[in-house]
Amino acid sequence: MYLTLDHITKKFPGRGQEGLVTAVDDLSLEIGKGEFFTFLGPSGCGKTTTLRLIAGFEFPTSGKIILDGRQLEDVPPNKRDMAMVFQSYAIFPHLSVFENIAYGLRIKKFSNDDIRRKVGQIMTLTKLTGLENRMPNQMSGGQQQRVSLARALVVEPKVLLFDEPLSNLDAKLREEMRFEIRDLQRRLNITSIYVTHDQEEALALSDRIAIMNRGKLAQLGTPEEIYELPRSKFVADFIGLANFLPAHVRALEDNRARVTVGDKELVVTSMPTAAPGQAALIFVRPSDVQIVNGDASATNAAAVQNVLRGQIIKATYLGEKFDYRVRIGEGAELRVQTRGARRYQDGEAVQLFLPPEHARLIGEE
Ligand SMILES: Nc1ncnc2c1ncn2[C@@H]1O[C@H](COP(=O)(O)OP(=O)(O)O)[C@@H](O)[C@H]1O
Ligand SMILES: [Mg+2]
């Protein structure tokens, strides 16, 4: 592996009575060469601290960081061959675009010819050609972020670090920049570590995602694994929309579990820790629940088996789909999203089919 975090813990002195704050808690993972790896999680979960530990701006309280076979403990930030792109751009206001990008090369004492050539190449890649003499205050936020990306790329770092680089841009530009960052990363095959709290951004950009919760690794996997097979309520809830139904496990059979929700029996996908008699949660995405009122699929045996009766509390038109809040019993609600032509009304009685392959037991933590 190219970059290894080996049991990294970082504690900060807290304020006042707090004692120590554990920002990163026994984090171990490995990142491959050329990989686009993302740390995703809510504010305060330890993403920035992890990135700063990798960059060398902070030192771990315990644990080791190894890059390309070399332990980084005694290597200062400027000798780690890494470059960082920040949310705040952090470009020099008194330097032109060209000089901002050239800065790292001048420090490394490259010749003027080499600097002109390298900066020119990177400006083409980042679509900044023609803006050489602009000053930062004459540029839009998107252009400034391109300059900070170009400045990071031009020194050909071993690892490129991003700390929420798109958070200050409006939604449309953010999406555009996402594609460009991904495209550049692929073309240059540069190992990238990206920090964000935006799940859609993480899904769109990453080869793999590490979801963090209170300094700990909650789950590590490809975007598909994280979205489709979340291992805990925390992960399922953080990434996308999720329903959780309290249930009781009655019997287990292969990878299926027979459970009860209220007085209704359902068959769902099991989990390794499930045991008969146990209380559990069923996880199902709103887009995986089907409304089967009078539908032919209700004659399918599995469908009849996994149908819950409910009543629409609130129907909302969302353009490409409908969103329904459905009451399925005393205090229990399911969120359902459909793309079908039929629109159900507030108050209407419905039958909801939970496909056994999409309704799965899930752990709390
Ligand atoms: N320099 C510091 N001193 C004290 N506490 C810090 C410091 N930096 C971060 N923390 C704390 O560590 C936790 C993780 O912070 P951070 O890594 O910035 O989270 P994130 O980037 O995921 O929002 C938070 O509780 C934060 O308050
Ligand atoms: Mg942060």
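Author: Four strands form an open antiparallel sheet in the order β2-β1-β4-β5. This is a predicted model, in which local features need pLDDT of at least 70, side-chain atom pairs count only at pLDDT 80 or more, and totals for chains, interfaces and linings use all residues. Residues are numbered from 1 along each chain as its sequence is written, chains are lettered from A and ligands numbered from 1 in the order in which they are written, and side-chain values use heavy atoms, with hydrogens and water left out.

Reader: What makes β2 and β5 edge strands?

Author: β2 (20-31) and β5 (70-71) each have a single partner strand, so one side of each lacks a neighbour in the sheet. Strands are DSSP runs of E, at least two residues; helices are runs of H or I, at least four; both are numbered from the N terminus.

Reader: How do you know that β1 and β2 pair?

Author: Two strands pair if DSSP finds at least two bridges between them. β1 (residues 3-13) and β2 have 8 bridges, in the antiparallel sense. They therefore count as paired. Phe12 stands opposite Val21 in β2.

Reader: Why is Gly14 called partly exposed?

Author: Buried means under 20% relative accessible area, exposed over 50%, and partly exposed in between (1.4 Å probe, protein chains only). Gly14 has 22%, so partly exposed is the term. Gly14 sits in the loop between β1 and β2. Leaving out residues up to four places away in sequence, Gly14 touches Gly19, Leu20 and Val21. Contact means heavy atoms within 4.5 Å.

Reader: What makes β9 a mostly covered strand?

Author: In β9 (residues 208-213), 5 of the 6 residues are buried. β9 pairs with β3 (residues 36-40) in the parallel sense over 4 bridges. With β10 (residues 216-221), β9 runs antiparallel and has 5 bridges. Ile211 is the bridge partner of Leu40, and Gln219 is the bridge partner of Ile211. β9 and β10 form a hairpin with 2 residues between them, and Arg214 in the turn has a positive phi of about 50°.

Reader: How do you know that the span of α4 agrees with its 14 residues?

Author: The expected span of a helix is 1.5 Å times one less than its number of residues. For α4 that gives 20 Å, and its end C-alpha atoms are 20 Å apart, so the two agree.

Reader: What makes α4 mostly covered?

Author: Of its 14 residues, 12 are buried. Among them are Arg146, Leu149 and Leu153. The buried residues of α4 pack against β6, α2, α3 (112-125), β7 (159-163) and α5 (171-188). Just after α4, Glu156 takes a positive phi of about 45°.

Reader: Which elements each supply at least two residues of the lining of the largest pocket?

Author: They are β6 (82-86), α2 (97-107) and α4 (141-154). β6 gives the most, with 4 residues. On a 1 Å grid over the protein atoms alone, a pocket is an open set of points where a 1.4 Å probe fits, with protein on both sides within 12 Å along at least five of seven lines; lining residues have an atom within 4 Å of a point. The largest pocket has a volume of about 650 Å³. Its lining has 22 residues, and the closest to the centre are Asn78, Met82, Ala83, Met84 and Val155.

Methods: Grid points are joined across faces, edges and corners, and a volume is the space filled by probe spheres set on the points.
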